[in-house]
Amino acid sequence: MKIRERYYNVFKMPNDIFEKHLTCSELTVLATVYSLRSRSIYQGNKYIKISQKSIAAICGFKSTATVSKAIEKLCLLGYITRINRYYDDYKKLGTNVYTIPTVRGKYFFVSRQIFKYHLTTAQMRMYLFFCKCSDSRSKRFWNSYNDICQTLKLKRSAVIKTITELCDMGLIKKYRITKKDGSYSDNHYKVIKLLPPKRKIHKKRRCRFAPASSPVYISKHKTNCTFMINLYNQKVNIFLIFFYLRGSPKICSSLYSTHSIPPDRKNRIKLYLKYRCNLTFYGS
């Protein structure tokens with residue numbers, strides 16, 4: 001169960017993406033393409049069919065030009081090997097089909113739920129770097145601001161700002177560790193596990209024929225409520241209650257009996273059945 005959960009909730013990213021000096025937009029596009037699921041896997045290659053407009057919508061870009069430039073750079077570096085575009089029935093070019101080699105060597109896992117937070121490109125790059133540095137089990141790591149600035153080629157103020165934003169969003173948790181002499185060591189961080197959304201379980205509708213421990217019948221008029229309670233107390237057949245609620249005729253010779261009806265009401269029902277419905281009253 002854990003293997004299946006890991007397979008569906010996370011995707012792999014190679015460790016050497018930070019050694020190629022990719023920009024924020026290129027890393028975001030690469031993470032988006034690698035996160036897409038595909039059943040077409042053949043000889044170590046994964047085939048994905050998606051338009052550049054859809055990629056731009058996932059990444060939060062305003063134009064597809066940014067996506068096309070990033071894909072060209074990724075093709076030169078070998079992260080995407082081939083792009084095919086076939087003609088459809090109307091002799092127009094269809095959606096792009098990307099050929100992505102499966103991740104080999106050293107890699108790290110990233111949750112697919114991260115795209116629901118609509119991170120900026122700078123936040124996405126910082127989050128990917130933290131996923132790479134974190135331990136596979138505890139998801140904790142410790143890196144100083146100088147190490148992060150040197151690896152990502154950023155200023156110290158930009159690093160502190162981005163880490164604060166990720167902590168406020170609940171994606172990263174920050175710890176302050178003290179030494180034996182009372183001074184503070186490098187900050188410790190933990191990547192929060194992002195759980196998939198829970199499935200909504202629709203409760204089945206209870207059958208009206210099933211007996212209830214404490215049945216309560218709701219009606220528009222108080223007289224109907226009291227009538228239904230009296231029927232239940234007298235242990236009347238539940239089919240009678242069903243037809244009464246369903247809109248069946250309230251006066252029917254095959255359903256009602258006379259022993260529970262007062263004499264004055266019995267006479268009125270008898271006259272109603274005799275002159276209006278042309279029926280004889282049951283039990284008369």
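Trainee: Over how many bridges do β4 and strand β5 (residues 93-101) pair?

Mentor: This is a predicted model, in which local features need pLDDT of at least 70, side-chain atom pairs count only at pLDDT 80 or more, and totals for chains, interfaces and linings use all residues. Residues are numbered from 1 along each chain as its sequence is written, and side-chain values use heavy atoms, with hydrogens and water left out. Strands (E, at least two residues) and helices (H or I, at least four) are DSSP runs numbered from the N terminus, and two strands pair if DSSP finds at least two bridges between them. For β4 and β5 the sense is antiparallel and the number of bridges is five.

Trainee: Which residue in the turn of the β4 and β5 hairpin has a positive phi?

Mentor: The two strands of this hairpin have five residues between them. The residue in that turn with a positive phi, about 60 degrees, is Lys-91.

Trainee: Which residue in β5 stands opposite Asn-84?

Mentor: β4 covers residues 82-87, and Arg-82 has Thr-99 of β5 as its bridge partner. On the other pairing of β5, five bridges join it to strand β3 (residues 45-49), again antiparallel. There, Lys-49 has Val-97 as its bridge partner. The residue opposite Asn-84 is also Val-97.

Trainee: Which are the edge strands of the open sheet?

Mentor: The sheet has four strands in the order β2-β3-β5-β4, with antiparallel pairing. An edge strand here pairs on one side only. The edge strands are therefore β2 (41-42) and β4.

Trainee: To which strand do five bridges join β1?

Mentor: β1 (residues 10-14) has four of its five residues buried (under 20% relative accessible area; exposed is over 50%, partly exposed in between, with a 1.4 Å probe and protein chains only). The strand is therefore largely enclosed by the rest of the structure. Its Val-10 stands opposite Ser-111. The antiparallel partner, residues 107-111, is β6.

Trainee: What distance does α4 reach from its first C-alpha to its last?

Mentor: The helix has 13 residues.

Trainee: Which residue takes a positive phi just after α4?

Mentor: The helix runs over residues 65-77. The phi in question is about 95 degrees, and the residue is Gly-78.

Trainee: How far apart in space are Thr-66 and Ser-25, C-alpha to C-alpha?

Mentor: Thr-66 lies in α4 and is partly exposed at 29% relative accessible area. Not counting residues up to four places away in sequence, Thr-66 touches Ser-25 and Phe-61. Thr-66 and Ser-25 are 41 residues apart in sequence, yet their separation in space is 7.6 Å.

Trainee: With which residue does Lys-73 form a salt bridge?

Mentor: A salt bridge is a side-chain nitrogen of Lys or Arg within 4 Å of a carboxyl oxygen of Asp or Glu, and the count by this rule is one. Here the closest N and O atoms are 3.6 Å apart. The pair joins α4 to α2 and so ties together parts that are 47 residues apart in sequence. Lys-73 is partly exposed at 29%, and its partner is Glu-26.

Trainee: Is Glu-26 buried or exposed?

Mentor: Glu-26 lies in α2 and touches Ala-70, Lys-73 and Leu-74, not counting residues up to four places away in sequence. Its side chain reaches the backbone nitrogen of Thr-23 at 3.2 Å. With a relative accessible area of 10%, Glu-26 is buried.

Trainee: What percentage of the residues of the chain count as buried?

Mentor: The chain has ten helices and nine strands. Residues 24 or more positions apart account for 57% of the contacts with a separation of 6 or more. Of the 284 residues, the share that counts as buried is 32%.

Conventions: Contact means heavy atoms within 4.5 Å. The expected span of a helix is 1.5 Å times one less than its number of residues. A polar contact is a pair of N or O atoms within 3.5 Å; within protein, one must be able to donate a hydrogen and the other to accept it, and residues adjacent in sequence count only if both atoms are side-chain atoms.
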